[in-house]
Amino acid sequence: MSVVQIANGAVPAVARRAAKRDWVFRIALIVFGVIAVLAAIGPWIAPYDPTELYVGPVNGASSLAHPLGTDDVGRDILSRVLVGAGASVFAPIGVVLLSTLAGVALALAAAWFGGWVSGGIARLIDVIFAIPGIVIAVLAVAVFGKGLLAPVVALSIAYIPVVARLVRTAASRELGKPYTAALRVQGVSSPAICFRHLVPALVPVVAAQTAIGFGYAMLDLSAISYLGLGQQPPAPDWGSMIAAGQAGLLSGAFEQSVYPAILVVVTVLAVGVIGARVTTWAEEKER
Amino acid sequence: MKRTGIAVGAVACATMLALCGCTPRGGADPDGDTAEITLVDVLPAATQPVDDVTWAIVEGEPATLNPAASANLIVPNLCDNLLSLQPDFSIAPGIAESAEFVDPVTFVITLRDDVAFWDGSPVTAEDVAWSLQQNLNPASQWFGAFALVVPDAAAGIVATGPNEVTVHFVAPDSTFRDAIAGQGGAVMQKAFGEAAGQALGTPEAGLMCTGPYELAPGAWTPGGDIVTTANEQYWNGAPLVKTLTYTFVSDSSTLATALTQGEIDGAINVSPGARAVLEGDGAGTLTVGHSTASYSFGPASATGAGANPKIREALSLAIDRDQYLETVANGLGTVQKTIVPEFSFQAMTEAPIYQAGYDALAEPKVDLDAAKALVEESGEDTSVPLVVAVPAGAKEFAQTATIMQSAAKQIGLDLEIDEMQAADFGALFYDPTKREGIDFVATQGYLETPGVLGYPSLFMLPADQGGVFNWSGYDNPEVTQHLQAARNAVDEKTAADEFVAAQEIFAQDYLQVTLAGTYQLTYLNDDLTGVTTSVAAYSSPWALHLGGE
C-alpha cells in the first residue's frame with residue numbers, strides 16, 4: 001500500500017465493501033453507536049436522579065416504572081446505567097487516545113531516528129511493559145487518590161508499549177519501502193514525509209489497535225471501579241454497580257449487577273468486532 | 001473476532017440472566033413487620049454424638065487465640081470464663097462457684113475443686129490469679145474492665161486459698177462481676193502461659209485451658225483451619241461433637257452457598273443480605289437470636305463540622321431508621337434509640353429501671369425542616385465536604401454510607417465517602433493520623449457481656465478517664481460524674497439510677513448516632529442442634545451442647 005492508494009480512496013472502498021457484506025460488523029457498529037450516543041445523552045434522558053434513594057423498593061424487580069429494577073438502596077438502575085455510561089464508555093476512550101498519541105509519537109521517533117534513540121525508547125517500553133496495567137492503576141490511585149483521573153492516566157501509560165511496539169514495526173516497514181526513498185530523493189522535507197505520508201499509512205494499524213485497546217481499557221477500568229478505587233459514590237459507573245450488586249445476586253436481586261455486566265460484555269464485544277475487522281482490512285491492504 | 005465469539009458473548013449474557021432469574025428473590029419488605037420474627041437464643045441440646053462438624057468463622061482467621069488479646073468465636077469453646085454467661089445474658093456460676101464483693105473494694109472468687117486443664121492438671125487459685133492479672137496490662141482487650149483493680153498485680157489479684165482468689169479495688173466497681181463472665185475472666189494454666197510468653201495463643205505456642213474443646217499442638221494451620229477435639233474430661237459434661245473444625249469464610253455469598261449446600265455445617269453472624277437464600281430450601285435453618293450489635297456513626301475529630309452536635313443531630317433527623325433497618329439489616333433488627341441496646345440489661349436485677357430510662361428516650365424520627373434549621377444554627381461552613389469513613393467491600397457499610405450521603409444532601413450538607421481497606425480502617429481506631437481528614441466513622445459493634453457502661457465509657461468519658469474512642473473531645477462533667485457514680489455504686493439500684501441519669505444527657509448529644517440494632521443470625525445444618533444463638537455466644541462455650549438431633 002502507498003500514499004497514492006490512500007489518496008485514491010482505496011481504504012474506504014475496501015472498508016465499504018467489507019462492511020456491506022459483513023452483518024456482524026454492521027450490528028457491532030450499530031450497537032456501539034447506540035451505546036456511545038446513550039453515554040453522551042444519558043444524564044438528560046435518565047428518568048430519575050441516579051443518586052436519589054428509595055425512588056422504588058429496595059432490590060425491586062423490573063417494572064414499568066423501573067424497567068431495569070431498583071438497586072440495594074432503592075435507586076433506579078436504568079438511570080444509573082445511563083448516567084454511568086458516560087464514565088464507563090468515555091474513560092476507556094480517554095485511555096486509548098492518550099496511549100495512542102504517546103505510543104505513536106514514541107514509535108515514530110524510534111523508527112525515524114533509530115540508533116540510541118530507538119534503543120532508549122525500546123528499553124523504556126520494556127520497563128513499562130513489565131508492570132501489569134491494573135497494578136500501575138492501583139498504585140496511581142494510592143498515590144493520587146480515588147477517582148477516574150488517576151486510573152485513566154495510569155492505564156494510558158500502561159498501554160503505551162503495545163501501541164508503540166506495533167506502530168514502530170509498521171513504521172519501520174513503511175520507511176523501508178521505495179516510495180519513502182523516492183520522496184527523499186524528490187527533496188520532500190522530513191516532517192512532510194512523516195506527517196503527510198508515513199502517519200496516514202499507519203492509520204489502519206493504529207485504528208485496529210485503538211479498537212482492541214478500548215475493550216481492554218474498559219475491562220480494566222471496570223475492575224478498578226469494582227475494587228472501589230475508580231468512580232466514587234454516589235456517581236455511578238458500570239464497574240462499581242457490578243460490585244455493589246454482587247451481594248444481592250444470591251437473593252435473586254440480580255438487576256444491579258447483571259445489567260451493567262451485560263453492557264460491559266456487549267460493549268467490549270462490539271468494539272472487539274470492529275477492531276478485528278479493521279485489523280483484517282489493514283492486513284488485506286498490506287497484501 | 002469470529003462469529004463464535006459473538007455467540008459466546010450472547011450465550012454468556014443469556015446465561016447470566018437465566019441463572020439469576022432462577023434464584024428466589026429476597027430483599028427487604030418496605031412494610032416489613034419485624035414482630036413476626038421469633039427470637040430464639042439457644043437451640044435444644046443435642047442427644048446424639050457426631051464425629052465431625054465444620055464451622056465457618058465469618059470474621060476471618062484470628063491473629064491469636066489468647067483470650068486477653070482477641071475476641072472471637074473460637075476462644076469461648078476453648079477457655080472457660082470464671083462465671084458462665086447464659087444465652088439470655090444472665091450470669092450463672094461457672095468455674096467459680098461464687099464471685100461476689102465481700103466489701104465495697106474486695107471481691108472474692110471461690111473456685112470449684114473438680115475442674116482440670118486439658119492436660120489433666122487441676123485448676124488452682126494461682127492459675128486463676130495469673131489469668132486475671134493478664135488484664136492489668138493496658139494492652140489487654142479487657143483492661144478497661146480491670147481499670148479499678150489495684151494496679152500492682154501482686155497486691156491487686158491474690159490467691160488467698162487453695163480455691164480462693166481475692167481481687168482488691170481502688171474504688172467500688174459495679175461492672176466487674178459482669179466482666180468476668182466474659183473473656184476477661186478466661187482461665188489459663190499459669191505454667192503453660194509463662195512458658196509460652198508473648199507467643200501464647202498463636203499457632204506455634206497454642207493454649208492450655210479448661211474448655212469443652214481442646215486445641216492440640218499443630219491443630220491450627222495458619223491460613224487454613226483450626227481443628228479442635230472434644231475434652232472428654234470436661235467438668236460440665238463432654239461435648240457430643242468429637243472434632244470441631246473452624247474454617248474462615250468472609251465472603252457472604254460464598255458462605256451462604258457453602259452453608260445451604262451442606263459443605264459447612266454452621267456459622268454465626270451470617271449476613272442479613274443472604275436472608276432469602278438462608279431461609280430457603282437448603283441444608284439447614286437460619287435462627288434469629290437476641291443481640292447487642294448495632295450500626296452507628298460518630299465523630300472522628302475534635303474539629304470540623306462532625307464535632308458539632310447540631311450537625312450530628314441534623315444528620316440523625318434526616319435518616320429514616322425504619323427504612324435503614326429494612327435496607328441494611330433486611331428487617332432483621334430493631335430501631336434502637338441510643339448506643340446502649342436493650343438486650344444488654346434485660347437479665348440484670350434492675351432491668352425495669354434501665355428499661356424505663358430507655359423507654360423515656362425520644363424515638364428517632366425524620367424531620368428534614370428541623371434538620372435544616374439545625375444546620376443553619378450550627379454555624380458550620382456547609383461548602384466544605386464532610387467525609388465518612390467505612391470499610392471497603394462490606395455491603396452493609398456501603399449502604400450505610402450511601403444513606404448518610406443522601407440524608408446529608410437533603411439537608412444541605414455535602415458528604416463524601418471514604419471506603420478504606422480493612423487494615424487502614426482498623427488502624428484508624430488507634431492511630432490519630434489515620435483519622436486526619438475524616439469527620440465521621442461508621443461502625444458496627446456489639447457488647448460481649450451484660451452491662452450498660454461499656455459503650456458510654458469508651459465514647460463519652462474524657463480520653464484520660466477511659467474514653468479511648470472519644471475523638472471529638474466530648475467532656476460533659478455531669479455525664480462523667482453520673483457514669484463514674486454508676487460504676488462506683490455499691491448497690492445495683494444506685495448504679496441503674498446513675499446510668500439512666502447520664503443516658504438522659506448523653507443521648508441528646510449524639511456522640512454516636514445509632515442507626516439500628518441488629519439480631520444475631522446463626523445458620524445450622526438440620527442434622528445438628530444445641531448451639532447458643534444469641535450474642536452470648538461470644539462469651540460462652542456455644543458448642544458445648546452441639547451434636548445430632
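Salt bridges that share partners join D71(A), R75(A) and R80(A) into one network. Keep in mind throughout that this is a predicted model.

**Charged pairs**

Let's stay with K493(B) for a moment. Its side chain meets that of D497(B) in a salt bridge, at 2.7 Å from N to O. Both residues belong to helix α17 of chain B, which covers residues 492-506, and they sit 4 residues apart, about one turn of the helix. D497(B) is partly exposed as well, because its relative accessibility of 32% falls between the 20% and 50% limits. As a general point, side chains of opposite charge can pair when their charged atoms come close.

How many salt bridges are there over all chains? The count comes to 17. Three of them are set out here, with their N to O distances.

| Salt bridge | Distance, N to O |
|---|---|
| D71(A) and R80(A) | 3.7 Å |
| R275(B) and E279(B) | 3.3 Å |
| D497(B) and K493(B) | 2.7 Å |

Are D71(A) and R80(A) buried or exposed? Both are buried.

**Helix α13 of chain B**

Helix α13 of chain B runs over residues 395-410, which makes 16 residues. After α13(B) comes G412(B), a residue with a positive phi, near 85°.

**A loop residue, E380(B)**

Where is E380(B) found? This residue lies in the loop between α12 (368-378) and β15 (386-391) of chain B. With a relative accessible area of 27%, E380(B) is partly exposed. Leaving aside residues up to four places away in sequence, E380(B) touches G304(B), A305(B), N308(B) and I311(B). E380(B) and G306(B) are 74 residues apart in sequence, while their C-alpha atoms are 9.5 Å apart in space.

Key:
Residues are numbered from 1 along each chain as its sequence is written. Chains are lettered from A and ligands numbered from 1 in the order in which they are written. This is a predicted model: local features need pLDDT of at least 70, side-chain atom pairs count only at pLDDT 80 or more; totals for chains, interfaces and linings use all residues. Side-chain values use heavy atoms; hydrogens and water are left out. Helices (H or I, at least four residues) and strands (E, at least two) are DSSP runs, numbered from the N terminus. The expected span of a helix is 1.5 Å times one less than its number of residues. A salt bridge is a side-chain nitrogen of Lys or Arg within 4 Å of a carboxyl oxygen of Asp or Glu. Buried means under 20% relative accessible area, exposed over 50%, partly exposed in between (1.4 Å probe, protein chains only). Contact means heavy atoms within 4.5 Å.
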